[in-house]
Amino acid sequence: MTLNDFVPGLKGVIAARTRLSSIDGDKGKLTVAGYPLESLACNASFEEMLYLLWYDRLPDAGELNDVTEALAKRRGIPEATHVVLRAAAAERAPVIDALRMGAATLSLGSIDTADECAGALTAVARFPTLVASYWRSLNGEEPFAPRRDLGHSANYLYMLNGEESSPARNRAMETYLNTVMDHGMNASTFTARVIISTQSDMISAVTGALGALKGPLHGGAPGPALDMVFEIGSVENVEPYLRAKLDRGERLMGFGHAVYRVRDPRADVLAAEAARFFSEEGDRKLYDLALEVERTAVRLLAEYKPGRNLETNVEFYTALLLHGLGLPSALFTPTFAVGRVGGWTAHGLEQRAQDRIIRPRAEYVGATGRRWKPVGER
Ligand code: ACO
């Protein structure tokens, strides 16, 4: 490949240097700021993980307290934002669209949009409030005010249903948010970096990133993976159902990945969390059925697509875990954004420090040599 070659989708093109996360698709390894994902996701709090991405080291107790406080005090959203969310609810807009509309209003109020750190804190702090407030409005209920005494992910669960969650539920949500917080140069992260590279602001960057995340090829739908488990319904039906799907040439949702040629390491982390969570609470029957679906799907994919190495991806266990936590599938992608905004802001801060506009070229393939004709001669 030379500098002048067109690379569809920029596949394999290195578009940035980052210290944030590194993906080894052949070995199935995801490293975040030098730590294997599996050592961080289930041990760190959301705030610790965020601090690590922003400052490239884990916080000491005082620093952790400071970042926790800084987020907690920024959780409230202005009345103008509630007005936008109510208007979106009146039109039954999808949750991810309402989140994008709400995100665009985050520069209202007292935030200094020229200050990247203030923008980053505000965006991360308020995403859960936007999602939970909208979800309540959509269901004709008053949003709950955020609680300053709860951690970031515990407050998110609280705002969704007004109840304090058990430690097991809080841990499961925190592990999920940590697992999806950063993942290399994915489409939404690239979008955020392009916006920041023009010396635009952090709120614009996360709003644009949400637009990129929404598409089914990216933030997509772990929903269909769960629908498939529900449709299968019983252990006896697993193999006939999956074979029929593969015979029709359909794809099994929750399997295969564009980068990983082995099992997605995020699936491993979420599978371990799901095993722990469902041993204590949740729908154990559904969990056992999902495990059978996974085992059979991987076996059949190896039979139908030999040599393709189609393994379980992050979406399969995302669906199972978030469903276990009582979230409807309409909240799956918005909850992905509640985690990923940590990565977007970290990339935004990194891109700002590099201070270089991202401006690739396009190969022109249109007409040449045309001559102007006045409208009457066309
Ligand atoms: N089920 C059945 N067959 C599959 C699947 C699947 N889940 N995934 C790939 N294949 C088949 C393809 O049809 C293709 O077969 P062919 O060569 O006979 O035409 C072969 O395996 C290779 O597939 P590609 O499309 O080249 O795989 P790619 O790596 O480009 O695609 C993708 C990755 C889009 C994720 C694909 O595996 C897929 O559609 N999976 C199901 C949807 C899904 O789970 N998406 C979430 C991904 S995780 C994430 O993005 C966060």
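This is a predicted model: local features need pLDDT of at least 70, side-chain atom pairs count only at pLDDT 80 or more; totals for chains, interfaces and linings use all residues.
The chain contains 16 helices and 3 strands. Its C-alpha trace spans about 70 × 50 × 45 Å along the principal axes. Buried residues account for 50% of the 378 residues. Among contacts with a separation of 6 or more, 75% join residues 24 or more positions apart. The accessible surface amounts to about 18,100 Å². Carbon and sulfur atoms contribute 53% of that surface.

The chain carries 43 positive and 47 negative charges. Side chains of opposite charge can pair when their charged atoms come close. Across the whole structure, 25 salt bridges were found.

One of these pairs Arg193 with Glu350, with an N to O distance of 2.7 Å. Arg193 belongs to helix H9 (residues 187-197) and Glu350 to helix H16 (residues 332-354), so the bridge ties together parts that are 157 residues apart in sequence. Both partners are buried. Arg193 has a relative accessible area of 0%, and Glu350 has a relative accessibility of 10%; each value falls under the 20% limit for a buried residue.

A salt bridge also joins Arg147 and Glu164, whose closest N and O atoms are 2.7 Å apart. Arg147 sits in the loop between helix H6 (116-138) and helix H7 (152-161), while Glu164 sits in the loop between H7 and helix H8 (167-179). The two residues are 17 residues apart. Glu164 is exposed, at 54% relative accessibility.

The bridge between Arg295 and Glu292 is local. Its closest N and O atoms are 3.0 Å apart. Both residues lie in helix H14, 3 residues apart, or about one turn of the helix. Arg295 is exposed at 52% relative accessibility, whereas Glu292 is partly exposed at 23%. Elsewhere, Glu239, Arg243, Arg299 and Glu303 form a network of salt bridges.

Backbone geometry was also examined. Most residues other than glycine have a negative phi. Leu10 has a positive phi, near 55 degrees. Leu10 is located in the segment before strand E1 (21-24) and is partly exposed, at 41% relative accessibility. Asn309 likewise has a positive phi near 55 degrees. Asn309 lies in the loop between helix H14 (284-304) and helix H15 (314-324). With a relative accessible area of 45%, Asn309 is partly exposed.

Technical notes. Residues are numbered from 1 along each chain as its sequence is written. Side-chain values use heavy atoms; hydrogens and water are left out. Helices (H or I, at least four residues) and strands (E, at least two) are DSSP runs, numbered from the N terminus. Buried means under 20% relative accessible area, exposed over 50%, partly exposed in between (1.4 Å probe, protein chains only). Contact means heavy atoms within 4.5 Å. Accessible areas come from the Shrake-Rupley method with a 1.4 Å probe; for residues, only the protein chains shown count as cover. Lys and Arg count as positive and Asp and Glu as negative; His and the chain ends are not counted. The place of a charge is taken as NZ of Lys, CZ of Arg, CG of Asp or CD of Glu. A salt bridge is a side-chain nitrogen of Lys or Arg within 4 Å of a carboxyl oxygen of Asp or Glu.
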